[in-house]
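I opened this notebook to record a few look-ups in one model. The entries below follow the order in which I made them.

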Amino acid sequence: ALENKDIQLEGARQEQSSISKELCEVSSQLDQEKANCQQLQQQLDQLNEKHLQVTQLHTSAQAQLAEVERKLQDTEASADKMTKELQNQINQLENETSKLNGQLEAQEEAVKSKDLQLEATRTQLQEVEYTAAR
């Protein structure tokens with residue numbers, strides 16, 4: 001009976017070691033996912049800042065356009081071209097922002113998934129430790 005307990009204890013230790021390794025791997029993956037999320041958030045912040053700058057440029061260009069129209073009626077085509085270019089820049093930045101938001105959401109979901117995996121592994125480890133303690 002004592003030998004059987006020793007075999008069970010050794011099995012539990014090996015399982016605990018395996019679970020601990022898995023926990024470390026999941027934890028490492030979670031850290032990587034968090035770092036990826038942080039990097040995506042920084043990129044999103046930079047894009048938002050660029051979007052704001054382009055929006056401010058667009059607003060400024062519209063004010064300049066009004067002044068030009070008052071002074072020179074024949075420059076309307078040139079001003080329209082400038083407005084279209086700025087609108088295209090805004091559209092491009094909005095598209096990039098949308099893509100980054102999607103990536104960020106996917107990363108956040110991945111982090112949530114890893115958090116759940118980590119919690120499940122911790123629970124499993126606690127059960128093994130409890131079993132080993134008995």
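**Entries on helix packing**

I located K21 in helix 1; helices here are DSSP runs of H or I with at least four residues, and strands are E runs of at least two, numbered from the N terminus. I noted that the model is predicted, that local features need pLDDT of at least 70 and side-chain atom pairs pLDDT 80 or more, while totals for chains, interfaces and linings use all residues. Residues are numbered from 1 along each chain as its sequence is written, and side-chain values use heavy atoms, without hydrogens and water.

Is K21 buried or exposed? I read a relative accessibility of 56%, so K21 counts as exposed (buried is under 20% relative accessible area, exposed over 50%, partly exposed in between, with a 1.4 Å probe and protein chains only). From K21 to A133 I found 20 Å, C-alpha to C-alpha, across 112 residues of sequence.

I next turned to H58, also placed in helix 1. H58 has a relative accessible area of 10% and is therefore buried. Beyond neighbours within four places in sequence, H58 contacts T83, L86, Q87 and I90 (contact means heavy atoms within 4.5 Å).

I then looked up the nonpolar cores, which are sets of buried Ala, Val, Leu, Ile, Met, Phe, Trp, Tyr and Cys residues joined through side-chain atoms within 4.5 Å. The largest has nine residues, I19, L23, V26, L30, C37, V111, L118, L125 and V128. Helix 1 (2–71) and helix 2 (76–133) each give two or more residues to this core, and helix 1 supplies the largest share, five residues. I recorded a second, separate core of eight residues, including L40, L44, L100 and L104.
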